[in-house]
Amino acid sequence: VIMGVLAMAGEFRNATAVATFLAAPRRASVLGAKLTVAALVGIATMAVSTAAGIAVCWVALRAYPEAVPPVPGTFTNLGIIAVVSGAVLAVIGVAIGTLVRNQGIAIGVTLMWLFLIERLIVVFWSSGGKYLPTGLITGMMSLRLEGSDKTTGISLDTAQYLAPLPATLLLLAYGVGFGALALVTTLRRDVD
């Protein structure tokens, strides 16, 4: 997400947006190229980080022979989920960078949303939180977590999250929706 924000909001921060849009006067083409490149970078970043995580997991599992082996296909599914979520989150980042042109504010708001607001929504309103990007990624992974903290009374139960296919489709819809919003905004706003 942050790389996507930087790809677009960085143009406005560094005052290169005018030159970019003058060099290619079709704003839709420029935005399409940025969305495509951001999606590819998101895919590459998530592929590398997921491969590193899987390698560490494989080494850790070999160190504990009594551990239950992973279900066949777990690592393949995790790789697919990582690629899809990386592409969509990067596209959302470009859209946020288009909508909020101030790079610092765009990054701050995005991080606050991802690490604070969305987490609080998931904890305190899990039936609605399952439709947010983090909840959708959890649904894609078919993670089934259940537990509660006795001191705070906060509980977490992911059994009601969406199944992998609907979660994936809704996450893709988020990407398309944010991309369309960025396109409409880019076509209507002045570049300064």
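A: A residue is called buried when its relative accessible area is under 20%, exposed when that area is over 50%, and partly exposed in between. The model is a predicted one, and L116, with a relative accessible area of 42%, is therefore partly exposed by that scale. L116 has its place in helix α5, which covers residues 103-124. On the surface, L116 belongs to a nonpolar patch together with M112, W113, I117, L120, V123, F124 and W125, and the accessible area of these residues together is about 780 Å².

Read from the N terminus on, its elements run α-α-α-α-α-α-α-β-β-α. Of the 192 residues in the protein chain, 32% count as buried.

A partner of helix α5 is helix α1, made of residues 2-13, and the axes of α1 and α5 come within 9 Å and cross at roughly 160 degrees. Because angles over 145 degrees count as roughly antiparallel, α1 is roughly antiparallel to α5. The crossing in which α1 passes α5 is right-handed.

Helix α1 also packs with helix α3, which spans residues 27-63, at an angle of about 150 degrees and with the axes 9 Å apart. Helices α1 and α3 are therefore roughly antiparallel to each other, and their crossing is right-handed.

Notes
Residues numbered from 1 in each chain as written. Predicted model: local features only at pLDDT ≥ 70, side-chain atom pairs only at ≥ 80, totals over all residues. Heavy atoms only, no water. Patch = residues over 30% accessible without salt bridge, like charges linked within 9 Å, V, L, I, M, F, W, Y side chains within 5 Å. Areas by Shrake-Rupley, 256 points an atom, 1.4 Å probe, with all protein chains shown as cover. Salt bridge = Lys/Arg side-chain N within 4 Å of Asp/Glu carboxyl O. Helix = DSSP H or I, 4+ residues; strand = E, 2+ residues; numbered from the N terminus. Buried < 20%, exposed > 50% of the residue type's maximum accessible area, 1.4 Å probe, protein only. Axes fitted to C-alpha atoms, helices over the stretch in contact; angles between N-to-C directions. Parallel < 35°, antiparallel > 145°, perpendicular 65-115°, else oblique. Left-handed = near helix turned anticlockwise from the far one by under 90°.
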